[in-house]
Amino acid sequence: MGASGARRPSAALAVAVVMALIGPFMFDAAAVEGPGPERSTGADLADKRYVAAGDRAYVIGAQDGSFPPMGWHIRGEMGGVWAHPIKLLDGYWLMVGGRWTPAKSFTSGAGYVRLEGAGTRDLAVTRTEFSPDGVPVTLVAYDLRNTSARARTFSLRLDMRSEVMASYPWGWTEPDAKEFNGIDSASYDQATGTMTFKEADKPWFAKVRASIPPAGADTGDDIWGPVPGNERADYQEYGNGTGGRFVWAIPLARGETKRMWVAVAGSHTSEAEATAALQQGLSDPGGLLADKVATRQELLGRTAVELPDQTLEDAFDWGKLNMADLTRTVTDAEIRDVDEGRVYPPPAGTMAEMTGIGAGYPDYPWYFGTDGAYTAFPLVASGQWDTAMAHLRTIKDVSRIVNGTTGKVVHEIMTDGSVYWGANDDRGNTNETSQFATAVHLLWRWSGDDEFRDEMYGFIVDGMRYVMGAECDFTCDKDQDDWPEGNGMVERTGMGSEKLDVTAYQWQALRALQDMALAKGDAATAAWTDGEADAMEEKFDPTWWMEAENLYADSLCNADDVGDEGSNVCEVADQQLQQRHWINATPMEVVLAESGLAGETGDLELAPRDHANAALDVLESSPFTGECGLFHTGVGGGPTGAGELKCWTLPSSVMAVAEANHGRLGVQGALHYMASIAEQLDLEMPGALPEIVPSPEYDPFVDFRDRAMFMQAWSPYGVQWPVIHHFLGIRPDVPDGSLRVVPDVPESWPGLSVADLRVGDGTMRASASVSGSTYTTEVTAPAGWDLVIGHALPSGSEVASVKLDGAPATTYDVVETTRGTEVHVQTTTDGSHTLVVTTQ
C-alpha cells in the first residue's frame, strides 16, 4: 500500500515509456511518416481501461482486449463502441481456433492504441484501433502473423455483441435506460459482408464489416464470444443486445503477416449514414490512420515546451492529446430539460450540430458548462482554440433554448441534447454563468477575435445581470448583498447559500465583462460591472475572512438557511462556515495579473496579499493537503466533520494556479500540486490524466462500474496553465496589440522554454533561465505589438543591472505584484529580444 492508502503498480511493473516510429504497424498502404510518442505497459491489463477516440466515435475496453461491463451512468454500459448519441456494440472478440486470448502488452500512441501478444503459439495477433475524426466509425486492424515453421490455414471467428442504445436516459432516470431502449435485432447481408444491428421503430443502426469478406456469418442471442455464462447478466442489467459472428479460413505462408481491417459504424438518424460511414472507413483505412497520426503530431508540435522535469513535460504533451481525444461532435440533437431525470418532455428545440469537449471517459463524454470553462485554459495554452470556441457556442445555444433570455448557463448537456441540470429553476450551478464569461474573455485576449467576443457578448451581459439581480429562483443575488446564491463546485449539502467559489468567479467574470465592454465602447455595461466588482472587492475581506482560521469562509448562511435541511449547520443569518472544502483556494486563483484594467501593478486581486498568503499556508498543511494533492474536503471538514480525503485533479489544479499567482512555486507550493497530477499520467491508461488520483479514500482499481474517469478534460489545467501563464509569464492582450512576458522560474529549475505558442494570427517563442544572480528572458513574437519583457526576482533582491539586447536598458520598472518583485522593460515585438537582469 502506498502512503495514500490506494494500490499503485510496483516499480517493477511501472509503465515503460518508449519513442518509436509508426512504420512498424505494417500498413498495407504507405507507411506513416515521422516519429510519434508511445507509452506502453504490460501490467494488470485486465484491470485497466483505455479509449481509442475520434470526434464522432470511440471504443472503450480493457487493455487486455476484453470488454467487461463499465461505468455507472448506465451501469455496465459506458464502455464498448459509441457513435454518440448512441452506443453500437458492447464489444468484439477475435478468436483463433475457437479460443480467445488476452493481449500481453498495451500501447497508447498519438491517435491510436495497439494491443499485442494475443493469439496462439502459431498465430500472433496484434490489434491496432483508432477512430478517424469527422466520421462515425471505429477501425480495428488485426495483424495476423504465422509464427509456425510451415504454411497454415487458420480458423478465425469474430464474435460481436450489440447494444444499440441512447446515451440518455440513464439507469435511475424516468424513463430508465432499460425501458427506453428496445431489443436489438441482427441481420447479415452476404452480398456486402455486412452485419447490421438495429432497434425496431428507431432509426438507430450499428454496422460491422471487414476488409476480408467472411466465409460465413451467423446471428443469435447466444453469441457471446468468450464471456462466461455466469457473467452475462452484468451486460444485460440495462442492455437489450444480441450477437453476431463472422468466420474466416485465412491461409498464411510461413512467416507471413496479413492485415485485416474491421469497421464498426453507426448512426442515430438513418441506415444510409451508417452505411456511408462504414464504406468511408474501409475505403482507405491505412490512409485514415496516417491522417489521424499526422494531425495528432501536428498538435504535439504546437506549444512545444522544454522543461527540466520530464514527468511534467510528458504530462503537458499528453494533456494536449487527451483534450483532442475528448473533443466530440454530434448531429441532430433534440434539446429538452429532463429536470434531473424526473421527466422526458418533447424537445424545446433542435440543433443540427453540437461540438465541444467531453468531460471525461467513460461516464462523462458529454458537455458541461464548468468543465469547459476550466478546460478553456489548457485549450488556449495548447492552441486548441477552435475546440474551446465551439464548446462555448454549444453551451450558449443550448442555454438559450432551455433558459431563454436569462443568460444562465446550463450545467450538463448529454449528447442527445437532454439537459440534466442547470435550468432556471435549478439551484445551480451559479458559477457556470460566471466562468463562461471568463472563458470567452480569455479566448478573446489570446486570439484577438472580436467577432467571437461579439457573438457571445449579449449572452454574457444577460447572464451577469441575471446573477447580480434579485429575480430568480435560486441562482442570483436574491438578498442583494453582493454575494450571489446558488450551488457552486462543491455540490455537497450542509453549506450556506452563498458559496466562496461562486463569489470569486463572479468577481472575476465582472472584471472580464468590464474589459470587453470597454473595448466595445459599451460605457453603460463597463460602468455597471466596475461598480459591482468594486463593491465586492471593498466588502469581500471584511465579510469572508475568518481570523481564527486564517482562511476565508467557504460559505455564508442566509436567514432562510437557518433550520433548512439542506443547510443544517446554519444557526444564524450571516454565519461564516468553514468546512474545509477545496474551494478555499478560489479567491487566490482569480488574480487578474494579465488584465488591462490592472494598472501599474499588473494585478487585480480579490484577496489582499497578506491574507492570500496566510490562507495558502493553511491550505498547504496536512488537514487540507496530502501526497495526492488538495483534498476535496479536508480532515475534520464537511457538515459532519467526516471530511472527504479524495484528491480530484481539479482542486489540485486550482491550488497550483493559486500558488503560482502568488509566486509560491516550490516543491511545497505549485510544483507539488502540479506533480500530483502529472505523476498520474500512466495510472490506468498510459498517457491519460485521470479525474481522481489515488487517495486515502479512493482506490482507482475498484470494480469498473464504480470508478471515476480514467481520462479527464480539466486535468491539464493544473499542468499546462502554470507553465505558460506563470513560469514563462506569457500574458497576451491581442485586441490591445500588447504582450507581457515576465517569467517566474521555480527555484529548483535552471529554466524552461516554449516554441510555436499560438497568439493572435501567429506564433511566438519564449525562454527563461536563471544562473546564480543572472535572470534571462528571450522573446520572439509577431511584429507590431507593444511588449513588456521582464523577470520575477526572489524576495529581497536588489537589481544591479538590466540589459536589453546586450545594451543597458535606458529605463526599467521594478514592480511589486502578487508574485513578488518584477523587473519590467517596455519595448516592441519587432525582432527578437533578450533581457538580462542581474542582482546584487
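**View 1. Strand β36 pairs with β40 in parallel fashion.** In this predicted model, β36 and strand β40 (residues 786–793) run parallel and are joined by 4 bridges. One place to look is V741, whose bridge partner in β40 is I789. On to another neighbour of β36: strand β35 (residues 730–733) is joined to strand β36 (residues 738–741) by 4 bridges, and these two run antiparallel. Here V741 of β36 turns up again, standing opposite I730. The hairpin of β35 and β36 has 4 residues between the strands, and in that hairpin G737 takes a positive phi near 70°. As a reminder, strands of a sheet pair through backbone hydrogen bonds, either parallel or antiparallel.

**View 2. Helices α5 and α6 pack at an angle of about 160°.** Helix α5 covers residues 369–381 and helix α6 covers residues 385–403, and their axes are 9 Å apart. Angles over 145 degrees count as roughly antiparallel, and α5 and α6 are therefore roughly antiparallel to each other. Their crossing is left-handed. On the α5 side, the contact is made by G369, G372, L379 and V380, while α6 brings W385, T387, A388, H391 and I395. Sorted by class, the residues of this contact of α5 with α6 are 5 nonpolar and 4 polar, with no charged ones.

**View 3. Helix α5 also packs against α7.** Now follow α5 to helix α7 (residues 430–447): the two axes come within 8 Å and cross at roughly 20°. Angles under 35 degrees count as roughly parallel, and α5 and α7 are therefore roughly parallel to each other. The crossing of α5 past α7 is left-handed. From α5, the residues G369, T370, A373, Y374, A376, F377 and V380 meet N431, E432, Q435, T438, A439, L442, L443 and W446 of α7. The contact of α5 with α7 has 9 nonpolar, 5 polar and 1 charged residues. While you are in this region, look for N429, which lies in the loop between β24 (418–421) and α7. The peptide bond leading from G428 to N429 is cis, and its omega is near -10°.

**View 4. Three strands form an open sheet in the order β25-β28-β29.** The pairing in this sheet is antiparallel. β25 (498–499) and β29 (576–577) stand at the edges with a single partner strand each, so one side of each is left without a neighbour in the sheet. Strand β28 (residues 555–556) is joined to β29 by 2 bridges.

**View 5. C472 and C476 form a disulfide.** Their sulfur atoms are 2.0 Å apart. The torsion about the S-S bond of C472 and C476 is about -85°, so the disulfide is left-handed. The count for the model comes to 3 disulfides.

View 6. H84 and P85 are joined by a cis peptide bond, with omega about 20°. P85 is found in the loop between β5 (80–83) and β6 (86–96). The other stop is D339, in the loop between β19 (327–337) and β20 (349–357). D339 has a positive phi of about 50°, although it is not a glycine.

Terms used:
Residues are numbered from 1 along each chain as its sequence is written. This is a predicted model: local features need pLDDT of at least 70, side-chain atom pairs count only at pLDDT 80 or more; totals for chains, interfaces and linings use all residues. Side-chain values use heavy atoms; hydrogens and water are left out. Axes are lines fitted to C-alpha atoms, for helices over the stretch in contact, and angles run from 0 to 180 degrees between N-to-C directions. Angles under 35 degrees count as roughly parallel, over 145 as roughly antiparallel, 65 to 115 as roughly perpendicular and the rest as oblique. A crossing is left-handed if the near helix is turned anticlockwise from the far one by less than a right angle, and right-handed if clockwise. Contact means heavy atoms within 4.5 Å. Ala, Val, Leu, Ile, Met, Phe, Trp, Tyr, Cys and Pro count as nonpolar, Asp, Glu, Lys and Arg as charged, and the others, Gly among them, as polar. Two strands pair if DSSP finds at least two bridges between them. A disulfide is a pair of cysteine sulfur atoms within 2.5 Å.
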